[in-house]
Amino acid sequence: CWVQKSQLREAYEVWAKESGVRWTMQRNDFNRRVKELRVSEGRSASGHLTWLGIGLRETPKSVDSQPY
């Protein structure tokens with residue numbers, strides 16, 4: 001499985017906001033922590049930067065999205 005780096009970061013930010021996390025990790029720290037999970041970096045066929053070996057269960061909601 002794989003996920004775009006930007007999608008995983010967005011999911012983390014949504015989770016943090018919904019969980020009441022006051023300070024989120026900076027992007028470099030977040031990427032370092034993901035690498036510690038022993039996943040690989042790659043590129044999708046369309047050229048997007050990806051994490052290989054990790055995925056999301058569902059598409060994250062945008063922090064700014066309004067229900068209905």
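The axes of helix 1 and helix 2 come within 12 Å and cross at roughly 105°. Angles from 65 to 115 degrees count as roughly perpendicular, so helix 1 is roughly perpendicular to helix 2. This is a predicted model, and local features need pLDDT of at least 70.

Which residues make the contact between the two helices? Helix 1 brings L8, R9 and Y12. Helix 2 answers with R27, F30 and V34. The contact residues divide into 4 nonpolar, no polar and 2 charged.

**The sheet**

Helix 1 also lies across strand 1, strand 2 and strand 3. Its direction is at about 80° to strand 1. The 3 strands form an open sheet in the order 1-3-2, with antiparallel pairing. Strand 1 and strand 2 are the edge strands, each pairing on one side only. From one strand to the next, the twist averages 35°.

| Strand pair | Residues given | Bridges | Direction |
|---|---|---|---|
| Strand 1 and strand 3 | 2-4 and 49-52 | 3 bridges | antiparallel |
| Strand 2 and strand 3 | 40-43 for strand 2 | 4 bridges | antiparallel |

Two positions locate these pairings in the sequence. V3 stands opposite W51 in strand 3. G42 has T50 in strand 3 as its bridge partner. Strand 2 and strand 3 form a hairpin, with 5 residues between them. In that turn, G47 has a positive phi of about 95°. In general, strands of a sheet pair through backbone hydrogen bonds.

**The core**

How many residues make up the largest nonpolar core? There are 8 in all: V3, L8, Y12, F30, V34, V39, W51 and I54. Helix 1 (5-19) and helix 2 (27-35) are the elements that give two or more residues to this core. Nonpolar side chains tend to be buried together in soluble globular proteins.

What does V39 touch beyond its neighbours within four places in sequence? V39 is in contact with V34, W51, L52, G53 and I54.

Note on methods
Residues numbered from 1 in each chain as written. Heavy atoms only, no water. Core = buried A, V, L, I, M, F, W, Y, C linked by side-chain atoms within 4.5 Å. Buried < 20%, exposed > 50% of the residue type's maximum accessible area, 1.4 Å probe, protein only. Contact = heavy atoms within 4.5 Å. Pairing = 2+ DSSP bridges. Axes fitted to C-alpha atoms, helices over the stretch in contact; angles between N-to-C directions. Parallel < 35°, antiparallel > 145°, perpendicular 65-115°, else oblique. Nonpolar A, V, L, I, M, F, W, Y, C, P; charged D, E, K, R; others polar.
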